[in-house]
Amino acid sequence: MDPNDVYPSNNPGPTKPDGSVNFECHCVGHLVASPCGYEFREAITCQKASTEEELEAGACGDQLLAFMECAMRTQCFKMQNGKGEKGCKISRKIKTLKPTDSRIKEENRIIRKKKEDEQEIKINHAPKISSAMFLKFNNQLGPPFHVLVDTNFVNFAVKNRLDVIQGFRDCLYAHTIPYITDCVMGELEKAGRRFKIALKVIKDARFQRLKCDHKGIYADDCLVQRVTQV
């Protein structure tokens, strides 16, 4: 058989006339086209360019090992079902970004809102208040004591015929300065003759007056705001 019929001039066999490897040959075509084609070409090229002494000394060992690892990883040369069929398991998978991924631009990103559970207990965050306000004995307080007095306090003191200043001394055993806000004064003035005596009590010079900037004369919110402010 004429060698030219087997290896035509455009495909001269596994070795080219210049001695290099012909990777277009049908004998190695399936290896070159496999997922391990790059590792195969590197190993064969190194082996072809090395001498026998260099190969015996361990030349091209890394390239051959890389080709073997690729073949084992992809299983491209493993027989399946005993029928001689070859199957490749390519480990490289094309990863696509999810439409909700943060790396996608905001105008193209899909933002999924979490469904609210109707049975879930809703938590309301209250403003932070000093823990000293809730102690049985507040060690942060000391004489002279400054006390905010509201409408009911003055009214009950009058009903029980108690002197407010003397009552503070008997209770706290220290000098006490009572404070009256404009809204408390306004509530007592608006109440009429029923609170005439209470109004006279808080007009004592020993009561300090605090000005209010809010609208109306509702004292509860005003007193709470003054106590809770830092």
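How many helices and strands does the protein have? There are 10 helices and five strands, where helices (H or I, at least four residues) and strands (E, at least two) are DSSP runs numbered from the N terminus. Please keep in mind that this is a predicted model, in which local features need pLDDT of at least 70, side-chain atom pairs count only at pLDDT 80 or more, and totals for chains, interfaces and linings use all residues. Residues are numbered from 1 along each chain as its sequence is written, and side-chain values use heavy atoms, with hydrogens and water left out.

**Overall picture**

- Of the protein's 230 residues, 23% count as buried; buried means under 20% relative accessible area, exposed over 50%, and partly exposed in between (1.4 Å probe, protein chains only).
- The protein exposes about 19100 Å², with carbon and sulfur atoms supplying 53% of that area (Shrake-Rupley method, 1.4 Å probe; for residues, only the protein chains shown count as cover).
- Taking contacts (heavy atoms within 4.5 Å) between residues at least 6 apart in sequence, 50% join residues at least 24 apart.

**Nonpolar cores**

- The largest nonpolar core has 19 residues, and Val 149, Ile 180, Cys 183, Leu 188, Ile 202 and Phe 207 touch the most other members; such a core is a set of buried Ala, Val, Leu, Ile, Met, Phe, Trp, Tyr and Cys residues joined through side-chain atoms within 4.5 Å.
- At least two residues of this core come from each of H6 (151-159), H7 (164-172), H8 (182-191), H9 (196-202) and H10 (219-228).
- Helix H8 gives the most to this core, with four residues.
- Another core lies apart from this one and has seven residues, including Leu 31, Phe 40, Phe 67 and Cys 70.
- Leaving aside residues up to four places away in sequence, Phe 207 touches Val 149, Val 164, Ile 165, Pro 178, Ile 180, Val 201 and Ile 202.

**Salt bridges**

- The whole structure holds two salt bridges, each defined as a side-chain nitrogen of Lys or Arg within 4 Å of a carboxyl oxygen of Asp or Glu.
- One of them pairs Arg 209 with Asp 182, whose closest N and O atoms are 2.8 Å apart.
- Because Arg 209 sits in strand S5 (residues 208-210) and Asp 182 in helix H8, this pair ties together parts that are 27 residues apart in sequence.
- Arg 209 is partly exposed at 48% relative accessibility, and Asp 182 is partly exposed at 25%.
- A salt bridge also joins the side chains of Arg 206 and Asp 204, at 3.0 Å from N to O.
- Arg 206 counts as partly exposed because its relative accessibility is 42%, and Asp 204 is partly exposed with a relative accessible area of 28%.
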